[in-house]
Amino acid sequence: MRTFDLTNPRSCLILHVRNMGIEDRNHRLTIFERGKRMTGKSSKARHLWLNGEIVPWDGATVHITALGSLLNVGTVGEGLRAYWNADKRKLFVFRLRDHMERFDDSMKLQRMDRPYTPEQLSQAVVDLLKADGLLETSYISPRAFFDPFASGSAGPFVEDPASAQVMMYAGARPSILPDPTPIHCCVSSWTRQSDSMVPPRIKGFNYQNNRLAAWEAHINGYDNAVLLNSTGKVSEAPAACLFIVRDGVVITPTFTSGTLESITRRTLMELYRNELGAAVVEREVDRTELYVADEAFLCGTGAEMKPIASFDRYSLGTETPGPLTEAIRRLYYDILTGKNSQYDHWLTEVS
Ligand code: PMP
């Protein structure tokens, strides 16, 4: 059994399919793993970063009536990881600047003023991790939102751009990368939202689409789901991008298929090309290609990398990860944990 003493400060419900779980407002974490249900206690973080200040966790409250204003909040966010390097006994944030640049893009698309540069936000992540004294692999959650009580709104849903607030919090979240056990996925009956509706390019609080697919998969006995877009092509999983391998070629749906501009996807494509000499193609992917793929896996910052054994119970032929999946899993983990110094430029030391 895994260790489930996660220090996850979130007090709202979160759902992650497979190897993750639901945390209630009392910080009880329920993990679903292949039908088993386990419960653990997670502890609270001590600080968060709010509009340029490190503030005590308990002091960062919002009035209950803000909940009624949530429709107006228009939150965008990010999700990063910092990995513990056991040799150096230090935390290193992975691709910090890239995440903060995407955060900046999300704020821009949501028409928020951006009071902090990606550079300042990168420093804020380091300051927060230092203040919290986290000494284990962690997950950082930056958020930007319109102040629900600000005046200056030009009309419903036309908030004052200057009312944008920025905060971030972090908590321990162990890596699942050492576990190569593949998962079983379904193709969701829900359609992935498109750029002309709720743009996946904005990493915003538009996760209802993902949530519906995740619940459907869970209820039907799958570990996770893959969504098709409105043209019937493969898009992504809730909170993770998808790769398949066919005849030695590594294939991933295009960013115009309804996927977030994933930093993990970009990372793995680069590693495949530069380190493993593999052919990598970004293109539209048909549903039936999933069923005849040789290998497949999901990837994302939180999801890390998860091999897939079947789609809709069409087996990919093996219960162990295929060679191109296994090779990238090992390489990626070594880079994240500082065992491969060639990619140290992707790591920011917290010291
Ligand atoms: N798609 C969605 C909808 C996500 O939320 C995530 C996680 N951020 C991903 C894909 C993977 O993106 P990344 O590799 O940048 O974490």
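**Figure 1. Arg95 in the loop between β8 and α2.** Arg95 sits in the loop that links β8 to α2 (96-109). The model shown here and in the other views is predicted. Although Arg95 is not a glycine, its phi is positive, at about 50°. Arg95 counts as buried because 21 other C-beta atoms lie within 10 Å, and the cut-off for a buried residue is 20 or more.

**Figure 2. Arg89 in the loop between β7 and β8.** Arg89 is placed in the loop between β7 (80-85) and β8 (90-94). Its phi is near 55°, again a positive value in a residue other than glycine. Is Arg89 buried or exposed? Arg89 is exposed, since 8 other C-beta atoms are found within 10 Å, where 12 or fewer is the limit for an exposed residue.

**Figure 3. The protein chain as a whole, for orientation.** The protein chain contains seven helices and 19 strands. Of its 351 residues, 41% are buried. Among contacts between residues at least 6 apart in sequence, 69% join residues at least 24 apart.

**Figure 4. The largest nonpolar core.** In soluble globular proteins, nonpolar side chains tend to be buried together. The largest nonpolar core in this model has 81 residues, and Val125 and Val226 touch the most other members. Strand β10 (residues 164-172) supplies the largest share of this core, with six residues. At least three residues of the core come from each of domain 1 (45-172) and domain 2 (183-336).

**Figure 5. Val226 and its contacts.** Which residues does Val226 contact, leaving aside its neighbours within four places in sequence? The residues in contact with Val226 are Cys185, Val187, Ser188, Val234, Ala237, Leu242, Leu290 and Phe311.

**Figure 6. Strand β12 and its pairing with β11.** Strand β12 (residues 224-228) is largely enclosed by the rest of the structure, because five of its five residues are buried. On one side of β12 are Asn224, Val226 and Leu228, and on the other are Ala225 and Leu227; with all of them buried, both faces are covered. β11 and β12 run parallel and are joined by four bridges. Cys186 has Ala225 in β12 as its bridge partner.

Figure 7. How many of the six residues of strand β16 (residues 295-300) are buried? Six of the six are buried, so β16 is largely enclosed by the rest of the structure. The bridge partner of Phe243 is Phe297 in β16. Four bridges join β16 to strand β17 (residues 304-311), and this pair also runs antiparallel. Leu298 has Lys306 in β17 as its bridge partner. β16 and β17 form a hairpin, with three residues between them.

**Figure 8. The shell around the ligand.** The ligand is surrounded by 15 residues, of which Leu260, Ser262, Thr264, Gly300 and Thr301 are the closest. By class, the shell has five nonpolar, eight polar and two charged residues.

**Figure 9. Tyr207 and Gln193.** Tyr207 is located in the loop between β11 (183-191) and α4 (208-219). Because 16 other C-beta atoms lie within 10 Å, Tyr207 is partly exposed. Tyr207 and Gln193 are 14 residues apart along the chain, and their C-alpha atoms are separated by 9.9 Å.

**Figure 10. Ala327 and Tyr272.** Ala327 belongs to helix α7 (residues 323-336). With 16 other C-beta atoms within 10 Å, Ala327 is partly exposed. A separation of 9.1 Å is found between the C-alpha atoms of Ala327 and Tyr272, which are 55 residues apart along the chain.

How values were computed
Residues are numbered from 1 along each chain as its sequence is written. This is a predicted model: local features need pLDDT of at least 70, side-chain atom pairs count only at pLDDT 80 or more; totals for chains, interfaces and linings use all residues. A residue is near a molecule or strand if its C-beta atom, placed from the backbone, lies within 6 Å of it. Ala, Val, Leu, Ile, Met, Phe, Trp, Tyr, Cys and Pro count as nonpolar, Asp, Glu, Lys and Arg as charged, and the others, Gly among them, as polar. A nonpolar core is a set of buried Ala, Val, Leu, Ile, Met, Phe, Trp, Tyr and Cys residues joined through C-beta atoms within 7 Å. Helices (H or I, at least four residues) and strands (E, at least two) are DSSP runs, numbered from the N terminus. Domain bounds come from an automatic or database domain assignment. Two residues are in contact if their C-beta atoms, placed from the backbone, lie within 7 Å. Two strands pair if DSSP finds at least two bridges between them.
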